[in-house]
Amino acid sequence: MVTETVVRSMPAEWSQHHATWISWPHNRETWPRVLGQAEAAMAEVVAALAPHEIVCINVQDELQARRVESLLADRVPGDRIRLFHVATDDAWIRDYGAIVVRDSGAPAGATAVDFDYNAWGGKYPPYDRDRAVAARMAELLGLPRVHCPIVLEGGSVDVDGEGLALVTEQCLLNPNRNPSLGRSEIETWLRDLLGANECVWLGEGIDGDDTDGHIDNLARFVGPRSVVAVVTDNEADPNYRALRDNFRRLEEYRDRRGRKLDVRELPLPDPVMRGGSRLPASYANFYIANEVVLMPAFGLPADAVAAGVLADCLPSRRVVPIDCRDLIVGLGALHCLTQQIPAIVAGFEPEQ
């Protein structure tokens with residue numbers, strides 16, 4: 001008797017989407033004194049996405065559902081959004097939401113992967129409601145779910161859809177996630193669940209990033225073996241050495257066939273401060289959707305430079321800057337607040 005090997009792979013973010021899934025901001029501790037502004041920024045996100053794909057939105061209850069509908073009423077046709085009463089602790093669905101992958105062993109060819117979640121090393125309890133979201137998403141999509149016992153946030157890994165993954169040592173090897181696992185064990189999980197046959201390991205993250213160095217603030221794939229990486233020329237910036245080290249690792253990397261990466265520089269914004277602390281503002285926290293790229297903007301001259309780089313790298317899409325000066329108060333931006341549902345699930349319509 002021959003047993004078939006199940007092959008799973010995570011599509012690249014630029015692959016066609018069926019939908020984008022978000023959790024509506026509601027935590028006042030995350031956005032002190034700017035929650036309303038954060039909601040307004042999320043309304044901008046939905047308005048930019050809705051012409052190109054369905055937007056699924058987790059809301060706390062009927063009261064919040066009515067508020068979201070009122071914020072979007074004049075901007076987004078009702079048939080372009082789906083509201084779900086899925087209670088959350090916070091809005092960072094990239095890190096706790098289901099990751100939909102191709103799956104040769106699933107009846108419909110797709111599976112929802114549910115990694116364990118502990119709020120970035122136990123920093124922000126409670127997180128039990130967020131921990132349950134991936135399973136609920138799988139149920140709503142009608143997809144089988146694979147629960148993975150290791151702690152891994154979606155923002156800590158980026159893939160090119162052809163077997164390469166970008167990760168960081170600071171995050172994935174951090175003892176506050178999986179203290180008993182080493183590099184090889186984590187690589188095995190990424191291979192088996194996301195189809196990452198090879199990992200490019202970067203080092204440290206940016207100042208002010210409470211995620212312990214998520215890759216989506218540092219370097220992102222914009223095509224097969226094509227990467228944009230954040231750098232700064234300011235040697236006095238505390239991020240200078242770590243970012244240059246990451247860039248060097250990317251330039252020196254060769255895959256098993258000896259091929260190198262195409263690496264382009266993405267500027268680091270000038271410091272965005274609040275209460276004397278630097279916020280983790282990064283243009284790498286962009287989100288690639290159908291026909292558009294949503295890029296964080298911070299009211300700085302480098303906004304235009306970053307938009308130009310992304311436009312060159314993703315010429316088939318329109319770059320849409322979204323003002324993230326209020327969103328970044330919550331220590332995250334556009335990629336952190338979105339999770340793509342690839343078109344491989346196009347036969348499934350989430351039930352409301």
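Which order do the strands of the open sheet of 3 strands have? The legends below answer this for a predicted model.

**View 1. An open sheet with mixed pairing.** The 3 strands of this open sheet follow the order β8-β9-β10. Strands β8 and β10 (198-202) are the edge strands, and each pairs on one side only. Strands of a sheet pair through backbone hydrogen bonds, either parallel or antiparallel.

**View 2. The pairing of β8 with β9.** Strand β9 covers residues 164-168, and its pairing with β8 is antiparallel, over 2 bridges. Asp158 has Leu166 of β9 as its bridge partner.

**View 3. Two helices across β9 and β10.** Helix α8 (residues 183-194) lies across these two strands and runs at about 130° to β10. Helix α9 (residues 240-252) also lies across β9 and β10, running at about 150° to β10.

**View 4. The largest cavity.** Rolling a probe the size of a water molecule over the atoms shows where empty space is left. The structure has 5 cavities of 30 Å³ or more, and the largest cavity holds about 60 Å³ of space. Two elements give two or more residues to its lining: β8 (158-159) and β19 (339-342).

**View 5. The residues that line the largest cavity.** Asp158, the bridge partner of Leu166, is part of the lining. Other lining residues include Met10, Glu13, Arg94, Ile99, Gly154, Val157 and Val159. His335, Gln339 and Gln340 also line the largest cavity. By class, the lining consists of 4 nonpolar, 4 polar and 3 charged residues.

Terms used: Residues are numbered from 1 along each chain as its sequence is written. This is a predicted model: local features need pLDDT of at least 70, side-chain atom pairs count only at pLDDT 80 or more; totals for chains, interfaces and linings use all residues. Side-chain values use heavy atoms; hydrogens and water are left out. On a 1 Å grid over the protein atoms alone, a cavity is a set of points where a 1.4 Å probe fits but cannot get out, and a pocket is an open set with protein on both sides within 12 Å along at least five of seven lines; lining residues have an atom within 4 Å of a point. Grid points are joined across faces, edges and corners, and a volume is the space filled by probe spheres set on the points. Helices (H or I, at least four residues) and strands (E, at least two) are DSSP runs, numbered from the N terminus. Ala, Val, Leu, Ile, Met, Phe, Trp, Tyr, Cys and Pro count as nonpolar, Asp, Glu, Lys and Arg as charged, and the others, Gly among them, as polar. Two strands pair if DSSP finds at least two bridges between them. Contact means heavy atoms within 4.5 Å. Axes are lines fitted to C-alpha atoms, for helices over the stretch in contact, and angles run from 0 to 180 degrees between N-to-C directions.
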